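Biologist: I'm new to this one. Could you walk me through how to read its aromatic pairs and disulfides?

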Amino acid sequence: MCGTNIILKPVKPAMMMNLRMIHGVALLGVLGLGGCLQADGPTDDSSSGASSSSTGPASSETGSETGSTTDLSTTDAGDTSSTTAPSGSCGDGVVDPGEECDDAAANADDAACTAACLRNTCGDGKLWSGHEDCDDGPANADSATCTGACTVAACGDGKLQAGVEACDDGVNDGAYGSCSADCSARAAHCGDGLLDPEEECDSEDPSCLGTCRVASSCLRVHEAEPELPSGVRTIYPLVLTNGVEVYCDMVSDGGGYTLLKVDIDSAVNDLPYPAKKAETKCAEFGMHLFIPRSPDHLLAAHAIATTPNAAPQGGGLKTFGQDYLQILGIYPQKAGVSCLGKPLVPSNCPQWAASDGGPWYISKVITNASEPDPADACAGCSMIYTWNPNGSVKSYKTLPAPGGSSLRFMCDVGDKRPE
């Protein structure tokens, strides 16, 4: 077209405004004509006026011709309606409100994002390929064919499949307390009524605990039943045919201290009863003369000694009193050597020791600066103690052999130590 001589009539301002309102394509057509005019000849006012009659049709024809070939509103940019989900819907690849995920065409019930745009999780009833062995939805359970972890139940997985397995502890080696290799039965175990080499007892006898150990101390009772409170209980020391009533402290230092009261103030006693003789009496119950192990243990023992609770052994009838703590199983290791003016604890008084070599405690406060008396201290002799109402030691004093004596004392097992 640029090769044709076209004479255009001057465009009035109103017409120029109308041209500006035409779609971008029409305006570009006019601009193209302008380029041709500039190239073909002069555009002065005199020639424009002479050719006004021919401009209209040319302009009209050009606009029409341009519109028919460059109409963008009908241009085909590619129809994707058949392969892409509508915007705002599951499958469009965008996580919209109400969706947990959206992997577009990858959405599938066996994929990470389901066809409903929900994350594939164990228990939804949809088997996620490569991640789940099974998924029975709400029926998943550790006792079912498909476990709560979406794995297929199998012998040795440590989950007891109801109606199929009798025992499955995940070890299944047939050892004591375990299961048979095929999960068909339990191996020898506590509670089967058979006395196995690993057991002290296995019966419904009250002396036999649920751990298949004899209830020979409060510590053993505490280990078998940690929730039991402190109180009077019957234990069965291995040296006795029958049980004996004791007080079980199930609190101090984690619980498990055994305390037995002995009162030999009767027609059969042969005074005096110093520590060595008291130790012999305690041994009849499989115990030793009481040794306070810690501050809490000492306070508990004082409370038990000074209140009525377990009946005393030995023939006497006095159920409580501070004289139950007059002698203790703590002795100088060598006669004439002690820890004059020192606190009565092992770190400050290493010359004194408990009868079983274990921890002991009397006081970190020096009550009698002149005691223990080096002149009277004798090996295997207990001092004689008095106590304040709050359980702290009031006084302690060594005596010549055989040392301090008492008609009443307490015994303990010694298997419980401070934590």
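Predicted model: local features only at pLDDT ≥ 70, side-chain atom pairs only at ≥ 80, totals over all residues.

Biologist: How are the rings of Y273 and F409 arranged?

Modeller: In general, you describe a pair of aromatic rings by the distance of the centres and the angle of the planes. Here the centres of Y273 and F409 are 6.0 Å apart and the planes meet at 20 degrees, so this pair is stacked. It also links distant parts of the chain: Y273 is in the loop between strand 3 and helix 6, while F409 is in strand 9, 136 residues apart.

Biologist: Is F409 buried or exposed?

Modeller: F409 is buried, with a relative accessible area of 0%. Y273 counts as buried too, at 10%. Then there's the pair of Y385 and W387, also stacked, with 6.0 Å between centres and 25 degrees between planes. Both of those residues are buried.

Biologist: And how many disulfides does the structure hold?

Modeller: A disulfide is a covalent bond between the sulfur atoms of two cysteines. This structure holds 12 disulfides. One of them joins C122 to C150, with 2.0 Å from S to S. Its torsion about the S-S bond is about 100 degrees, so the disulfide is right-handed.

Biologist: What is the handedness of the link of C218 and C248?

Modeller: That link is left-handed, with -75 degrees about the S-S bond. C218 lies in helix 5 and C248 in strand 2, so the pair ties together parts 30 residues apart in sequence. Both C218 and C248 are buried.

Technical notes:
Residues numbered from 1 in each chain as written. Heavy atoms only, no water. Phe/Tyr/Trp six-rings, centres within 6.5 Å; stacked < 30°, edge-to-face > 60°. Helix = DSSP H or I, 4+ residues; strand = E, 2+ residues; numbered from the N terminus. Buried < 20%, exposed > 50% of the residue type's maximum accessible area, 1.4 Å probe, protein only. Disulfide = S-S within 2.5 Å.
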